[in-house]
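Subject: A structure to look at, with notes

Dear colleague,

Please find the structure below, followed by my notes on what was found in it.

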Amino acid sequence: MLYFDSAATTPVRREVLEAMWPYLTTEFGNPSSHHTVGERAADALADARSRVAAVLGVRAGDLVFTSGGTEADNLAVKGIALGSTRGRHIVTAATEHEAVLESVDYLRRLHGFEVTFVELKPDGIVTPDALDAVLRPDTALVTLMYANNEIGTVQDLGALGAVTAAHGVPFHIDAVQAAGWLDLRVSGQGVDALSLAGHKVGAPKGIGLAWLRGRLPVEPLVHGGGQERGRRSGTENVAAIVGLATALELAEKERADAAVRVSVLRDEMIARVLGTVPGALLTGSATSRLPNSASFCFPGTSGEAVLLELERRGVVSSSGSACAAGSDEPSHVLTALGMPPEVAQTAVRFTFGAELTHETVESAVAAIVASVSAVSALS
């Protein structure tokens, strides 16, 4: 089997499992307990927090561990917006993950926020001029993806952060897909908050984090015992947090070399698919995209039918966000970029890990050509 759905999840790394094991067995203490068993758990939690902070280049005290990327997005978007004294206006993009879009809609419906969707280029890029044009004195938050989960487009954080900083507007980025492939040391680029999910970089599902710059007023979503410096109550999952720290360290150590090598193979795959599959369309930016992402539309087919044919040939991929799997609706990302719904429904996304090789690209392309041909013949 060729697994080309790393944007949905990645396997847990052996090193991560080994790092977690003591805290799933003998070192089982509650880090809030004031005895030796609890203190050992608290020490492990503090060590993991410092290691994650070193990878991100931020203060350890500004990190909040969550149950995953969705909770991290919810905490950042709702927490910053509700804690703001600037006003009741939010800027985002129509191509964001549902965790952000639904959070923004919640604020609109229940708290009276006004939402502006920034203009996008056809490849999903937000330009500084477009962002500048929609900011207002009452803008409480700008929330955008660092890298899009469906089409792989990467934003220029430095340029966008300069705009938000000039207006004094907090800037949150969803960096869930960027982890392991792009530089996460973004605190000097005008970014004030960041969300990550562990299972995209070889940690278990169910662990993530929000980095929230310390000076930001943030209204917590989960109330209770005041853990995570009052920003997210509840007993911390020490084992998973240790696993997340280990996974992020490994990913960062390998990132530069892996990104260069995989980018070359990604471009090879894109060129071969566009050159051999009649009518194939690349979605997202041709130049500013994740190293491990190749996404296409195959007009005249059904994306779900192509996926079934691919799996029959040993290639596992997806039509877009795993959160929308099984839906008959066309991708909201592609329709937001102006693609007709009937074309957007033919989308197929290939996202791969650092183990990608020339041979696996060749095998995948052969399967894509055969699968699209089979579905086209049925159509």
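How do α8 and α11 lie to each other? Before the answer, a word on the basis: this is a predicted model, in which local features need pLDDT of at least 70, side-chain atom pairs count only at pLDDT 80 or more, and totals for chains, interfaces and linings use all residues. Residues are numbered from 1 along each chain as its sequence is written, and side-chain values use heavy atoms, with hydrogens and water left out.

Helices and the question above

Two packed helices are described by the angle between their axes and the distance between the axes. Here helices (H or I, at least four residues) are DSSP runs numbered from the N terminus, while axes are lines fitted to C-alpha atoms, for helices over the stretch in contact, with angles running from 0 to 180 degrees between N-to-C directions. Helix α8 (residues 303-312) packs on helix α11 (residues 358-378) at an angle of about 130°, their axes being 9 Å apart. The two are therefore oblique to each other, given that angles under 35 degrees count as roughly parallel, over 145 as roughly antiparallel, 65 to 115 as roughly perpendicular and the rest as oblique. In contact, which means heavy atoms within 4.5 Å, A305, V306, E309 and L310 of α8 meet A367, I368, S371, V372, A374 and V375 of α11. By class, this contact of α8 with α11 has eight nonpolar, one polar and one charged residues, where Ala, Val, Leu, Ile, Met, Phe, Trp, Tyr, Cys and Pro count as nonpolar, Asp, Glu, Lys and Arg as charged, and the others, Gly among them, as polar.

Helix α11 also packs with α7, since the axes of α7 and α11 come within 10 Å and cross at roughly 25°, and these two helices are therefore roughly parallel to each other.

Helix α7 (residues 238-276) packs in turn with helix α1 (residues 14-24), at an angle of about 160° and with the axes 8 Å apart, so α1 and α7 are roughly antiparallel to each other. From α1, E15, V16, A19, M20, Y23 and L24 meet a set of α7 residues that includes V238, A239 and L250.

Domains

The domain assignment, whose bounds come from an automatic or database source, gives domain 1 (14-250) and domain 2 (255-377). Taken over C-alpha atoms, the centres of the two domains are separated by 28 Å, and their contact takes 26 residues from domain 1 and 28 residues from domain 2. The area buried between them, meaning the accessible area (1.4 Å probe) that two parts lose on being put together, summed over both, is about 2,100 Å², of which carbon and sulfur atoms give 60%. In domain 1, E150, I151 and W181 lose the most area to domain 2, together 42% of what that side buries.

With best wishes
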